[in-house]
Structures are given as structure tokens and as C-alpha cells.
Amino acid sequence: MGKTNYSVGDKYGRLTIREIFKRPTGNKGRVIKYVKCKCDCGGESITTITHLRDGRTQSCGCYLMERLIKHKMCSTPEYYTWANMKDRCLNNKNKRWNRYGGRGITVCGRWLNFKNFYEDMGEKPAGKTLDRINNNDGYYKNNCKWSTPSEQQNNLISNVYIEFNGVKKTVSEWSDSLKIKRETINARLNRGWDVDEILRRGLGKRRKKYNFMDTNKTKSEWAKILGITTNTINLRKKRGLPINKILTSERWAK
Ligand SMILES: [Zn+2]
């Protein structure tokens, strides 16, 4: 047996010796000395001084886990996402710096560590990218989600202010107050419509009701009830048909 020039309190890697004890091996009454160690991470490990000295045991197992995670994770979409996020927020040489770090978009302290980011966000669903809910706020758990590019675009646009009738509101706010779907406004914006046209169209549609047989319904509501398309209604109107021939499921009215 080697010298016992080691003692409680010695540190090897992440492990600090807490206890030294002997166990018989069952082989001709031989006895092996073990060391019980406390790991930096709070874990525990029982090993031998030989393993500690030659570096075979450096931690309770956490070090190996970290390396495994790191190496396996380096090639994952989550890792790329994380690394890119950090770069555009923290590296002023990044091509997109102006839109991120340069305008105060930050990464929370917790997410400087990839493990934490992965823990909070989980796996990246196929086809989705990391998206901030409030585009003017930074990267942290409650402000982030995995979104499809169109969801992300919608989100981006929804936080944009548009002026209508002298009032400035975000798309989301206009959507609420005019009862036009956010997606509808966004789609119209994407198609390059005028703001006026976008929001007025919503107003007009909302007010236009067709009264027939004591019932007030919008064009699309009637279409649904009658099992015809709104386009059919439009065509019949154009032909100047009376209301009872416009709002009917009868084919002859075509
Ligand atoms: Zn450990």
C-alpha cells in the first residue's frame, strides 16, 4: 500500500476528500482504502486515491455529464440558436448588432449558460425559431417562445404603431378596438395595403348587415347559413337581383 500522504481536505479536480476508510476486498484479507469526497456541485463520490491522483475521477460525474452535454449539444439547433442569440446581443461585430445589442436587446444572466437556456426553452420544434414576445425587450424565459417565421412576423408587426384617423395604436390595439383579427391586419399590411384601407375595410364590413326575413346578418354569416359563397352573393348583387334572390341557396338564382 502506498504512502498515506493525503488527508481529509485535499482537493483533486472538483472533489474534496471528506473521509478516508478501509474495506476488505475479500481477496486474501487485503484491504483497500477508499476516499469519500464532496464535489463542487454538491454531489458525492466514493473512489480511491489512485483514481483521484491520476485524474480518472475528477468529479461526482457532473464534469463528464457537462462535457457530454456540451459536445453533443454543440451540433444541435438549440445550441446554434443560443450561440447566435448571444452573438447578436453581445458582439458588436455581429452583422445584426444594430438591431439587437446595439439597441439595448440583452440576454439575461441565466441564459449566458447554455444549460439554463436549454432547460427553460426545451427542444426547438422543427421549423420554428427563437422569438421574443415583446420585440423591444430582451432574451429571457418569459419573453421568449419558439415561433414559426409567420408567427414571428405577425408578432413583429403587431408591435408596430399605425396611425388612423389621427390616433396612433399598435396593430394589436387596433385589432381589439375595431374587432378585426390581428392576422387580417397583418396580412393586409404584408400585401402593401394603405393603413386607411386596411382599417376602414374592417369598419365597413363590420357595419354592413343584410336584413332579410327579419334577420340581420353579415354577408359571410348569410353565406354560411345558406351554404353559398360570399362571392355568389356579390355576383347576384351585381346583377341587381332582389334580396330574396340574392339570399337563397336555390341554384337558379345564379
Ligand atoms: Zn459534481
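The following questions and answers concern a predicted model of one chain.

User: In which helix of the chain is confidence lowest?

Analyst: The mean pLDDT of the chain is 82, and 91% of its residues reach 70 or more. Confidence is highest in strand β1 (residues 11-12), at 94. Where pLDDT is low, the predicted coordinates should not be read in detail. With a mean of 66, the lowest confidence belongs to helix α8 (residues 195-207).

User: How far apart do the C-alpha centres of domain 1 and domain 3 lie?

Analyst: The chain is divided into four domains, among them domain 1 (11-66) and domain 3 (156-206). The separation between the C-alpha centres of these two domains is 66 Å.

User: Which residue in the turn between β7 and β8 has a positive phi?

Analyst: Strands β7 (residues 161-164) and β8 (residues 167-170) run antiparallel and are joined by 4 bridges. Phe164 stands opposite Val167 in β8. The two strands form a hairpin with 2 residues between them, and the turn residue with a positive phi, about 55°, is Asn165.

User: Why do the buried residues of helix α6 lie on the same side, and what arc do they cover?

Analyst: In α6 (residues 171-178), the buried residues are Val171, Trp174 and Ser175. They lie on the same side of α6 because the arc they cover around the axis is only 105°.

User: Which exposed residues does the face of α6 turned away from its buried side carry?

Analyst: The buried side of α6 includes Trp174. After the helix comes Lys179, with a positive phi near 55°. The face turned away from the buried side carries two exposed residues, Asp176 and Ser177.

How values were computed
Residues numbered from 1 in each chain as written. Predicted model: local features only at pLDDT ≥ 70, side-chain atom pairs only at ≥ 80, totals over all residues. Domains from an automatic or database assignment. Pairing = 2+ DSSP bridges. pLDDT = per-residue confidence, 0-100. Buried ≥ 20, exposed ≤ 12 C-beta atoms within 10 Å, placed from the backbone. Arc of directions from axis to C-beta.
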